[in-house]
Structure formats: structure tokens, C-alpha cells
Amino acid sequence: MSAGENGDSDGRIKGIKSALRVVPNFPKPGIMFQDITTLLLDPKAFKDTIDLFVEHYKHENISVIAGIEARGFIFGPPIALAIGAKFVPLRKPKKLPGEVISEKYILEYGSDCLEMHVGAVKSGDRALVVDDLIATGGTICAAINLLERVEAEVVGCACVIEVPELKGRERLRSHGKELYVLVESQFEPTTQ
Amino acid sequence: MFAEENGLHGDPRIKAISDAIRVVPHFPKPGIMFQDITTLLLDQKAFKYTVDIFVDRYRDKKISVVAGVEARGFIFGPPIALAIGAKFVPLRKPKKLPGEVISESYVLEYGTDCLEMHVGAVQPGESVLIVDDLVATGGTLSAAIRLLERVGAEVIECACVIGLPQVKGNWRLNGVPLYVLVEPRLTDLECSL
């Protein structure tokens, strides 16, 4: 579900939404980039973001927070610390120093690859995938595959922002995975 | 300075943090004993100790900005920022930040690299803490300091979990104090995840 959807007039969601910035035509023409760096400049809104994720998941017995490089590294560790879970970074190729497993995924043009350290996640671990934004869900599905390959149970995926037109939620639903997001993407460039 | 020499001598948390770091030989190239903090992140207690020690040190220093160096500075910086009520500012490799940026080059062993920060993220006069997982030659941190000083901020300190020996006698980078929790270990006799 989306945190704002249940008739929930949570003031924290409004504060988070207004702290986000839209940068037009980045990284290429036609893309309205959803920029979370302005959220990080608002200590209350950043704290509210983490609190909302923690409140949603703290009773789910989550033992692993898997954060996707690089913006998942900003949101994942505070959640992990608050709920007493391990934090596992999922990285672009050749960044992790030890033995890794790799999962390829398709991009609009070409493919990319996500890696996880062997042994970081154990069979039976209950895992939450965290990133700043979900678009098509390609990267997040690669993350889920990595975790399931080592027999973790992926409890859900948490993102600050969802781009509904790109149907990531449907893609996750077809894999039986829950998606929790705080806000939907915005179109208007904001002046910040 | 090392935390042990700054009031934390004998603090069992320091040993727990050091023990939780894994050494990976010959990464990314032969001869380098890579200090891997990912095993620290798997140890909930040791990761929390790391953040707590930094938060205790900086809580009352009126720091308004924590700047973290991509990518491992993104892991340690935000929890500190959240705990002390400061903004978090990511310092990134080129072309990652979407808005208007300022850039600072720095020299690598072979070639150069570049660090970027968003224009307007930090205001003149703000007090800044820079965070990264490890300091080696200090090249990257020096570039980070220059970025912050170019916008008129004051860098109070640089904080790293691990400090390589070459900085041991050199506790200031460009005049900015350096605070480090542990020295690197040379090897792992046994390392299990």
C-alpha cells in the first residue's frame, strides 16, 4: 500500500512530499528526476521518513535490510539500526571485496548487474529490500532474486517514491511481494 | 586522532568494532589488504557502537551538516545526522547528482577523480562534519574539505571508522582535525560471516 492512500492525512507524509525535488530532463531529456537529496536537507522530514518505515516493519521480525547502491545506503542503515537488523549492501559489479553472487537485470538499453557478498544473508533470514525509488522494478527484482537464491524470505520492499506509470508495483505483485511506499512521483519541477 | 587516545582507551566497544571488520587480501589489486566494513554492518551491536561513539562525540558541537563521501560514507553519515539533528549532504562521483553542482578534482595514484556537491545544499557559515568509512592518503577527504570550504562552510572534523597508518602522525588534513576509531588489521586468522 502507499502510506498516503488510506485516507491517512498524516502530516508527516505531506512534509516528506514537499521536501522532495523534481529535476527535469535528468539524466536525459524527458525524465522528471525525483531527487531525494532535498529530503535529506530537512532533518525532520528525513527522520519522519525513517520512522514511517520503522513503524511499518518493526513487528515483522526482519533480520536483514538489503539496501541498493547508492541511495538505498542512505535509507537502509537507519532502518536496520532502529529495528536491530543486519544491513547488507547490494552493489554494482566489482565494488564488494569478498566472494559475491551476481544477478543480471535488463535496462532500457542493455543490462546491468547487482552483487551481494556470499554468507552475508543466511537461509531463513527475513529480508526487506530498501531503495529510494521504484520505477519498473527491474533493479528491485534483481535484489529479490539475490536474496531468494540464498534462501532468504523477502518480506517486502520499501521505497520513498513510486513511479506508478512504470508499473513496478504490479511487477512485484506478480512475484508475490508487498511494496510499501510513502509518496508517488511528482511531475512539476519544484523551486528549491 | 585515534579514539583510543582520546578518552576511549579500554572501551570494549572499540575492540568489538575492530574485530567485526574483515580483511580481504589483494583487493582491489595485489598487495592491498582491503579493510571491509560490510561485516561490521552484519553485527548489529558493533554497527550501533560505531554510530553511538560518533554521535556522543558530535552531539553537542552544534554541527548543522554531515557530509558523507560516496558510497560507504552514505552508510555511516545518515545515522549520525539523524541522531544529532543535522542535514545530510551526499558528496558524489561525477554526474550522479541531478541538480547544479560544484566539483573538486583530486589526484589518485594513477590519474584523477572528482567529487561533486549540490549548489545550495550547504550555506556559508555552517558547521560541517565529513564522514567516510576509511582514510588512507587523505586525498578524497581533502577534496571534500575543499568543496565545503569553497561554499564558506567550516569543517569542524573528519570522522572515519578506520585510519591507515600513513595518517597516524598527521592528525590534520588541510588544518582540519581527523578522528578515527580503529587502525586497520593486517590479516584475519579466522574470518567467518
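In what order do the six strands of the open sheet in chain B stand? The order is 4-3-7-8-10-9, and the pairing is mixed; strands are DSSP runs (E, at least two residues), helices are DSSP runs (H or I, at least four), both numbered from the N terminus, and two strands pair if DSSP finds at least two bridges between them. Strand 4 (87-91) and strand 9 (172-173) of chain B each have a single partner strand, so they form the edges and one side of each lacks a neighbour in the sheet.

This is a predicted model, in which local features need pLDDT of at least 70, side-chain atom pairs count only at pLDDT 80 or more, and totals for chains, interfaces and linings use all residues. Residues are numbered from 1 along each chain as its sequence is written, chains are lettered from A and ligands numbered from 1 in the order in which they are written, and side-chain values use heavy atoms, without hydrogens and water.

Within the sheet, strand 3 (residues 65-69) and strand 7 (residues 127-135) of chain B run parallel, joined by four bridges. B:A67 has B:I130 of strand 7 as its bridge partner.

A:V100 stands opposite A:H117 of strand 6. Four residues lie between the strands of this hairpin, where A:G110 takes a positive phi near 90 degrees.
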